[in-house]
Amino acid sequence: MAEVEKRIALLVDADNAPASKIDAILTELARYGTANVRRAYGNWKSPHLKGWEAVLHEYAIRPIQQFAYSSGKNASDMAMVIDAMDLLYARNLDGFAIVSSDADFTPLVMRLRNDNLQVYGFGEEKTPLPFVRACSHFLYLEKLGLAEQKDAPAAVSARNDEAMRADATLKRLLSGAVSAAADEDGWSHLGRVGSHIGNKGPFDSRNYGYGKLSELIKAIDLFETRQEGKTLWVRPKQSPAKVEGRPAAKKAPRKVATPAKQAKPTQ
């Protein structure tokens, strides 16, 4: 029997998301299921949302009008939260996609996940970490689609790699996962490493410029790898003083030749 596709509600905070990324967002969501609810929230009388108006019909997104009742307040946030709770209580969805760079949606995400729903977050790199880490999956909009491009300038790739290798949080995350998944010989199956990382929180190698975890593992230059068919094994790089996890054998002291004893003359 064919697996039933997951039903996902796509809710877009149009005031805090670029319209140019909607195609990439829907392409990403298609990996997980079908976005059969598509809504974008904002004051559609505002010239700021002209870019969104051009894509609403093309991608079958329903615009939800929300007037700004007071200056400096984003009324769209409250409208999105109310709609999300109505959809949650209808009990006919498997997940939500929240497109925003606003940390005010963090309590909503936590509430949705409390009901065992997947939450796919999309936001700009300025998105506060509480919102990022609350989601089941999170992708930065600036990185979305870039990992598939093979013609990225070498200088840009070099800068990304340098920043990645200086990221202490990332290094701790990867090292901890490799250690937790290690066998008696210190080697870790990459699949188990990925599962351990995913259990801790949202992680996507594309946020660091790599389409696959295996590519990121090799680029960060902390581990040695071993390929066996389609299986990749990983372990921390060994120090020069160690061979196969054991201390290097000590050199035996060099023997110094001693002169032979002369025989005593017989009397």
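Predicted model: local features only at pLDDT ≥ 70, side-chain atom pairs only at ≥ 80, totals over all residues.

Visitor: How many helices and strands does the secondary structure of the protein chain come to?

Guide: The chain has nine helices and 11 strands. Of its 267 residues, 39% are buried. Contacts can also be sorted by separation in sequence. Among those in the protein chain that join residues at least 6 apart, 58% are between residues at least 24 apart.

Visitor: How should I read a helix? Which residues of helix H1 are buried?

Guide: List the buried residues, then look at them around the axis. In H1, residues 22-29, they are Ile22, Ile25, Leu26, Glu28 and Leu29. These residues lie on the same side of H1, because they cover an arc of only 160° around the axis.

Visitor: What covers the buried residues of H1?

Guide: The cover includes strands E1 (6-13), E2 (33-42), E4 (95-99), E5 (118-123) and E6 (137-140), together with helix H2 (50-56).

Visitor: Which residues of helix H4 are buried, and which exposed residues does the face turned away from its buried side carry?

Guide: In H4, residues 106-114, the buried residues are Thr106, Leu108, Val109 and Leu112. Seen down the axis they fall within an arc of 160°, so they line one face of the helix. The face turned away from that buried side carries Pro107, Met110 and Asn114, which are exposed. After H4 comes Asn116, with a positive phi near 65°.

Visitor: Next, the aromatic rings. How many aromatic pairs are there?

Guide: The count is three aromatic pairs. For each pair, read the distance between ring centres and the angle between planes. Phe131 and Phe138 are 5.9 Å apart centre to centre, with 80° between the planes, and form an edge-to-face pair. The ring centres of Phe138 and Tyr140 are 5.4 Å apart and their planes are at 75°, so this pair is edge-to-face too.

Visitor: Is Phe138 buried or exposed?

Guide: Phe138 is buried, with a relative accessible area of 3%. Phe131 is buried as well. Tyr140 counts as buried because its relative accessibility is 17%, and the cut-off for buried is under 20%.

Visitor: What sits over the ring of Trp187?

Guide: The charged end of Arg226 does, 4.6 Å from the centre of the ring.

Visitor: And paired strands? Which way do E8 and E9 run, parallel or antiparallel?

Guide: Look at the direction of the strands, then at the partners. E8 (residues 223-228) and E9 run antiparallel, joined by six bridges. Glu224 has Arg235 in E9 as its bridge partner. The hairpin of E8 and E9 has two residues between the strands, and Gly229 takes a positive phi near 65° there. E9, residues 231-236, is also joined to E7, residues 188-189, by two bridges, again antiparallel. Ser188 stands opposite Val234 in E9.

Visitor: Which way do the side chains point along such a strand?

Guide: In a regular strand they alternate between the two faces of the sheet.

Visitor: Lastly, a loop. Where does Asn43 lie?

Guide: Asn43 is in the loop between E2 and H2. Asn43 and Ile64 are 21 residues apart along the chain, and their C-alpha atoms are separated by 8.2 Å. The side chain of Asn43 also makes a polar contact of 2.9 Å with that of Gln65.

How values were computed: Residues numbered from 1 in each chain as written. Heavy atoms only, no water. Buried < 20%, exposed > 50% of the residue type's maximum accessible area, 1.4 Å probe, protein only. Helix = DSSP H or I, 4+ residues; strand = E, 2+ residues; numbered from the N terminus. Arc of directions from axis to C-beta. Contact = heavy atoms within 4.5 Å. Phe/Tyr/Trp six-rings, centres within 6.5 Å; stacked < 30°, edge-to-face > 60°. Lys NZ or Arg CZ within 6 Å of the ring centre and 35° of its normal. Polar contact = N/O pair within 3.5 Å; in protein donor to acceptor, adjacent residues only side chain to side chain. Pairing = 2+ DSSP bridges.
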